[in-house]
Amino acid sequence: MLSPDLEKSLIEAACNARLNAYAPYSNYLVGAALLTADGQIITGCNVENASYGLSMCAERSAVFSTIGAGNRSVHACVVATADGGTPCGACRQVLSEFHDDANPMQIISVTPGGAVVMKTWLRDLLPNGFGFGGRTF
Ligand code: THU
């Protein structure tokens, strides 16, 4: 479970990352903040492209930075959007790759002002996700 202080820091980081979103086509800004096993907070935002299909979601952007920084385990993902949206299916699957079964991944969606809209677990958002041999959570 996240402490209230850590949850607050993650929410603030996701809201700040949202302000860096490059989303001139959808105008739907998304910020994500991940908590790694060693306590780091790593952020990402959506980056759109004129060739729409090349756009990247905030959550996956954050996951790739997290892995690039040497982490292999994500304990929480906070997403900030205008309407408190939750991670899309593709992002849920990518997040699941770095799920730590000993520390189930918390997913929190918030508004741009940091109000919590939904607090849940990745295992509840992605039942029976793909994994060789099956996902264990
Ligand atoms: N988007 C995200 O960043 N994360 C999601 O989980 C869903 C959608 C982005 C992609 C695109 O830039 C914009 O939101 C509208 O779909």
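## Cysteines and the disulfide cut-off

A disulfide here is a pair of cysteine sulfur atoms within 2.5 Å. Keep that cut-off in mind as we look at this predicted model, where the count comes to 0 disulfides.

Let's start with Cys-57. The cysteine sulfur closest to that of Cys-57 belongs to Cys-91, and because the two are 3.8 Å apart, they are too far for a bond. Cys-57 counts as partly exposed, because its relative accessibility is 22%.

With a relative accessibility of 0%, Cys-77 counts as buried.

## Where the ligand sits

Cys-57 turns up again around the ligand, in a shell that also includes Cys-88. The ligand itself sits in the largest pocket.

## Polar contacts and burial

Asn-46 contributes its side chain, with a polar atom 2.9 Å from an oxygen atom of the ligand. Ala-58 uses its backbone instead: a polar atom there is 2.9 Å from a ligand oxygen. Cys-88 likewise places a polar backbone atom 2.8 Å from an oxygen atom of the ligand.

How much of the ligand does the protein bury? Taken alone, the ligand exposes 370 Å², and the protein buries 76% of that area.

Methods:
Residues are numbered from 1 along each chain as its sequence is written. This is a predicted model: local features need pLDDT of at least 70, side-chain atom pairs count only at pLDDT 80 or more; totals for chains, interfaces and linings use all residues. Side-chain values use heavy atoms; hydrogens and water are left out. A residue is near a molecule or strand if one of its heavy atoms lies within 4 Å of it. A polar contact is a pair of N or O atoms within 3.5 Å; within protein, one must be able to donate a hydrogen and the other to accept it, and residues adjacent in sequence count only if both atoms are side-chain atoms. Accessible areas come from the Shrake-Rupley method with a 1.4 Å probe; for residues, only the protein chains shown count as cover. On a 1 Å grid over the protein atoms alone, a cavity is a set of points where a 1.4 Å probe fits but cannot get out, and a pocket is an open set with protein on both sides within 12 Å along at least five of seven lines; lining residues have an atom within 4 Å of a point. A molecule sits in a cavity or pocket if more than half of its atoms lie within 2 Å of its grid points. Buried means under 20% relative accessible area, exposed over 50%, partly exposed in between (1.4 Å probe, protein chains only).
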